[in-house]
There are 2 protein chains.
Amino acid sequence: MTLLDMVHSPADVKKMSVQQLNDLAQEIRQGILKRDSLIGGHVGPNLGFVEATLALHYVFNSPVDKIVFDVSHQCYAHKMITGRYNGFFNPDDYDKITGYTNPHESEHDHFVIGHTSTSVSLASGLAKARDLKGEKHNVIAVIGDGSLSGGEALEGLDFAASELGSNFIVVVNDNQMSIAENHGGLYNNLKLLRETNGQAEINFFEALGYDYIYVNDGNDVEKLIAAFQSVKDTNKPVVVHLNTLKGKGYKLAETYKEPWHWSVPFDIESGDKTVDFGEGESLDDLTYNFLNDKIKRGEKVAVVVAGTPGVFGFNPQRRQELGAHYIDVGIAEEHAVAMSSALAKGGCCPVFCVHSSFLQRTYDQLSQDLALNRNPAVILVYWSGLSSADATHLGCFDMAMASNIPNITFLTPATKEEYMAMLDWSMTQKDGPVMIRVPNAVVYGGEVAPRADEVKAMAFAQKGEKVALLAVGEMLGLAKQTAETLMNFHVDATLATVRCVSELDTAALESLKDKHKVVITLEGGVVNGGFGEKIARYFGNSELKVLNYGAKKEFTDRLPLDVLYRENRLLPQMIAEDALKLL
Amino acid sequence: MTLLDMVHSPADVKKMSVQQLNDLAQEIRQGILKRDSLIGGHVGPNLGFVEATLALHYVFNSPVDKIVFDVSHQCYAHKMITGRYNGFFNPDDYDKITGYTNPHESEHDHFVIGHTSTSVSLASGLAKARDLKGEKHNVIAVIGDGSLSGGEALEGLDFAASELGSNFIVVVNDNQMSIAENHGGLYNNLKLLRETNGQAEINFFEALGYDYIYVNDGNDVEKLIAAFQSVKDTNKPVVVHLNTLKGKGYKLAETYKEPWHWSVPFDIESGDKTVDFGEGESLDDLTYNFLNDKIKRGEKVAVVVAGTPGVFGFNPQRRQELGAHYIDVGIAEEHAVAMSSALAKGGCCPVFCVHSSFLQRTYDQLSQDLALNRNPAVILVYWSGLSSADATHLGCFDMAMASNIPNITFLTPATKEEYMAMLDWSMTQKDGPVMIRVPNAVVYGGEVAPRADEVKAMAFAQKGEKVALLAVGEMLGLAKQTAETLMNFHVDATLATVRCVSELDTAALESLKDKHKVVITLEGGVVNGGFGEKIARYFGNSELKVLNYGAKKEFTDRLPLDVLYRENRLLPQMIAEDALKLL
């Protein structure tokens with residue numbers, strides 16, 4: 001009988017002694033490591049926030065008191081003590097819970113959250129709702145130090161400091177790390193506060209108007225309980241600043257904080273990854289080498305990232321090599337885009353590398369700071385396309401979002417050769433911003449690199465008749481298979497790759513009118529607002545029929561790729577069937 | 001001969017005595033008032049920043065030293081002393097310059113800017129470019145107190161405080177106002193700093209890592225010169241905090257700061273507006289009364305705005321009447337959306353009122369904080385549609401941006417009756433977020449209000465044959481005219497209003513297949529990613545031809561509406577011609 005077996009809800013935590021809470025913390029750590037080692041997940045953030053989670057639930061009365069976790073990559077302990085420990089200890093149940101908070105799983109979760117810097121804003125809405133309804137309870141926003149640099153967090157902190165006038169508790173989980181190291185002036189203030197045991201007179205939170213208390217032993221459950229008890233039922237906004245140890249209890253994660261922020265499956269003993277990514281050429285390597293070579297030749301390249309350098313293969317060694325040409329802005333995507341625009345205006349060549357889902361933070365900066373000003377910044381978009389990711393990290397919205405903004409050239413390479421040619425072209429042209437969807441797992445090599453004047457043109461892999469398959473980037477493989485399927489039905493289809501989704505290659509499109517009856521578009525993104533609809537519009541006044549394939553407009557959640565493709569009729573047989581009906 | 005006649009560039013300002021600078025300031029104020037009184041524009045912000053502008057140009061060496069104006073609604077004085085005074089004194093030249101900075105006008109302007117909170121980010125990019133290129137000059141970001149609450153500004157301030165390590169000057173133009181009153185904790189700190197002549201130990205800027213100096217007489221050109229000279233060529237980030245008087249020199253604007261932030265044309269003597277808006281029913285009144293009635297009945301409505309209450313008719317009296325149910329978050333649109341999501345989650349009914357162009361700040365919050373969580377917040381979008389606005393304030397992108405996000409119901413009322421029915425429905429349904437494009441100038445009244453179960457359905461105004469005109473919201477008038485034109489050619493067209501652009505009314509669309517050959521969509525937004533393309537996709541596999549009308553994907557700049565409509569073939573005769581060709 002473990003302690004966790006006795007914990008069916010937070011009420012059971014409240015009955016425990018400090019010793020039992022510490023023992024429970026160790027059990028929870030085993031659950032974190034078990035799940036993460038088998039299916040991957042966030043390691044360091046979850047390990048570091050176990051004691052604070054227990055203390056929060058010991059002191060506060062969830063779900064009446066409401067705890068909102070920022071980005072929620074530290075919520076495993078919370079999940080385990082709110083009835084979901086099977087999702088950590090029983091591999092058969094792993095797919096029953098997500099790695100993030102989710103109201104569909106538990107009344108103790110208030111939001112589906114996976115992007116950073118949202119908890120203070122969200123919690124302030126719950127607090128305001130409480131006040132308007134005349135209720136009394138505590139609202140607690142948990143936020144990591146890394147997430148503090150995000151605009152939404154800063155807006156929320158500024159608002160909640162003065163505009164609520166009632167109970168509001170912000171727990172700052174300061175583990176001295178973002179995903180990588182922190183960047184930004186406020187981190188110097190956090191450091192000063194840690195070094196002075198919270199006593200420094202210069203205090204970012206107090207400057208905004210918060211009461212402030214500091215807990216140096218942020219993994220000491222007894223001290224945490226005392227701290228939370230001291231602010232419980234406060235009628236003012238207060239910050240509880242915790243100094244926690246990221247990765248606590250797993251030596252490797254304590255020592256190597258960045259690679260153990262999140263991990264693919266691994267062997268707990270050795271730390272070795274148990275997933276084989278194969279050999280193959282890495283676009284990360286190619287990209288890094290290409291950029292670094294330019295810098296070494298004296299070109300004024302600025303590599304910009306927003307807190308997630310590892311996603312692009314910029315490990316610490318590479319960052320050091322890039323030197324002053326490497327700029328991590330912290331979790332501050334809006335600033336990254338605006339600054340990139342200005343770097344281009346100032347005569348440098350900025351290359352902002354960003355996760356597709358986090359690019360969503362920057363619509364207005366893309367539009368106003370960048371596109372309206374036509375500054376030639378380059379944006380490399382990673383993890384784009386259809387994926388089996390969590391609903392919070394989907395890469396299928398970027399084309400619909402950004403390709404409809406004027407003045408942005410949105411390129412979609414299908415092959416390594418196309419990608420490298422586009423990267424090269426984008427960094428020499430001066431016409432305006434260029435966005436490139438960096439190919440994912442599958443890269444179709446062996447193609448001839450397009451010339452600079454061809455990077456936006458549609459490229460015909462084969463010219464046939466009746467049916468034309470237009471494949472956006474990654475969909476080239478599916479298009480090829482569909483062409484083969486059609487050949488079985490004696491249809492010699494035309495096959496072309498679409499390299500640019502922000503402009504139409506009208507000459508190529510016009511050339512299809514002669515011999516074709518059906519034009520089929522395939523894209524790795526939502527169909528709504530995407531490329532295919534533009535083709536449907538283009539041929540709307542013609543005799544050509546158009547079929548658009550891509551993703552339905554929906555938030556899928558860890559949907560296996562084969563299911564996702566089937567549900568969207570993204571299978572050669574299905575597409576061929578639909579086409580044949582129209583011939 | 002005026003002093004301004006002698007000022008052809010900032011070099012001429014540098015030669016002046018303090019007395020001359022003060023005289024010049026008065027001439028500049030006349031220019032501000034002349035232009036604004038004749039064609040409208042920003043009054044208070046421009047009047048308050050005249051002396052600071054002169055001092056900046058006296059001390060620094062523009063354009064080598066680079067001054068970046070936030071939102072740039074305080075740039076008139078800058079424009080006048082950089083060769084553009086005819087744009088203020090000569091009405092024939094008024095359309096030659098914009099009310100915002102613009103690099104196409106002058107080398108002293110570095111960005112086209114009209115959204116708030118961007119200057120620090122943009123300036124930091126210029127500073128970083130300077131450093132990478134090994135150049136030496138000053139980079140100055142000017143930002144108003146109101147703009148400080150925006151996430152992009154806060155991200156930029158945090159970054160520039162610690163990551164540049166070189167010259168960076170932030171001039172905070174503190175006129176103690178946003179557009180309306182300020183909201184947020186940092187304003188208490190600004191107040192404390194003003195009250196202590198900048199000596200308070202709790203200092204928001206110092207907490208981030210800035211050096212800090214305070215100028216209490218922010219309209220005293222001599223003191224401003226001394227302050228700027230003291231920071232010129234600094235090798236650190238420094239904030240120069242100016243206490244300025246918004247509206248300085250025009251008594252009405254000094255006294256009534258909010259209505260004189262921006263004004264339509266007016267009589268300088270009396271302050272009376274010289275534009276007649278006609279009588280007519282105001283949707284602002286209807287909306288306010290509807291919301292206030294609900295609140296008076298005890299409903300937990302929360303009216304949320306982000307710094308621009310006047311846009312929606314929430315004058316100070318109405319704000320007071322709404323009381324705790326009125327929440328101005330300051331310029332913090334991201335926070336507004338996230339908080340609205342949480343207000344709905346907490347059982348209240350939030351109604352976030354927002355200018356279409358500023359909604360662009362919130363794509364990710366709409367997607368992740370709101371839509372993914374399906375919380376039933378209501379967003380009222382104002383100033384949508386095709387317009388003759390500046391390139392920075394266009395309302396034609398909202399549908400393409402937001403209607404392709406899953407789970408958002410995007411409604412487009414054409415009539416007052418539709419709008420009120422939709423507002424009512426949106427506040428009672430619990431299915432998820434609803435966005436309503438509040439009709440602009442023209443409201444077609446006299447229609448029957450749709451029932452609650454009809455608010456998303458297409459509504460047929462007339463059923464004909466051959467040609468079906470589908471009008472999104474405001475385009476109903478044009479569609480009616482087009483139907484009349486077609487009737488001249490003996491085509492009895494079908495006419496329907498599209499009330500919802502985020503879902504297709506497939507039953508209604510299917511019903512068109514029988515008797516029609518051409519379906520025409522009309523929308524007041526960019527065609528790319530918009531509603532019409534979805535119709536083209538829907539009918540892509542059918543015999544129906546589809547023509548989409550709307551705006552080209554481009555940033556138009558103060559383009560007169562008649563030109564805009566003509567260039568997009570949005571004229572009854574043109575549309576009818578195109579349709580007849582396909583019959």
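## A covered helix

In this predicted model, the buried residues of α22(A) are covered by elements that include β15 (466-472), β16 (494-498), α21 (506-511), β17 (516-526) and β18 (545-551) of chain A, together with α22 (531-538) of chain B. Helices (H or I, at least four residues) and strands (E, at least two) are DSSP runs, numbered from the N terminus.

Of the 8 residues of α22 in chain A, 7 are buried, so the helix is largely enclosed by the rest of the structure. Buried means under 20% relative accessible area (1.4 Å probe, protein chains only). The buried residues are Phe531(A), Gly532(A), Glu533(A), Lys534(A), Ile535(A), Ala536(A) and Tyr538(A).

## Where the chains meet

Contact (heavy atoms within 4.5 Å) links 106 residues of chain A with 106 residues of chain B. The buried area is about 8600 Å², and carbon and sulfur atoms give 58% of it. This is the accessible area (1.4 Å probe) that two parts lose on being put together, summed over both. In chain A, Leu132(A), Glu155(A) and Phe555(A) lose the most area to chain B, together 9% of what that side buries.

## Charges across the interface

The interface holds 8 salt bridges. Each is a side-chain nitrogen of Lys or Arg within 4 Å of a carboxyl oxygen of Asp or Glu. One of them joins Arg361(A) and Asp364(B), at 2.7 Å, N to O.

## Reading the numbers

Residues are numbered from 1 along each chain as its sequence is written, and chains are lettered from A in the order in which they are written. Local features need pLDDT of at least 70, and side-chain atom pairs count only at pLDDT 80 or more, while side-chain values use heavy atoms.

Definitions and conventions:
Buried means under 20% relative accessible area, exposed over 50%, partly exposed in between (1.4 Å probe, protein chains only).
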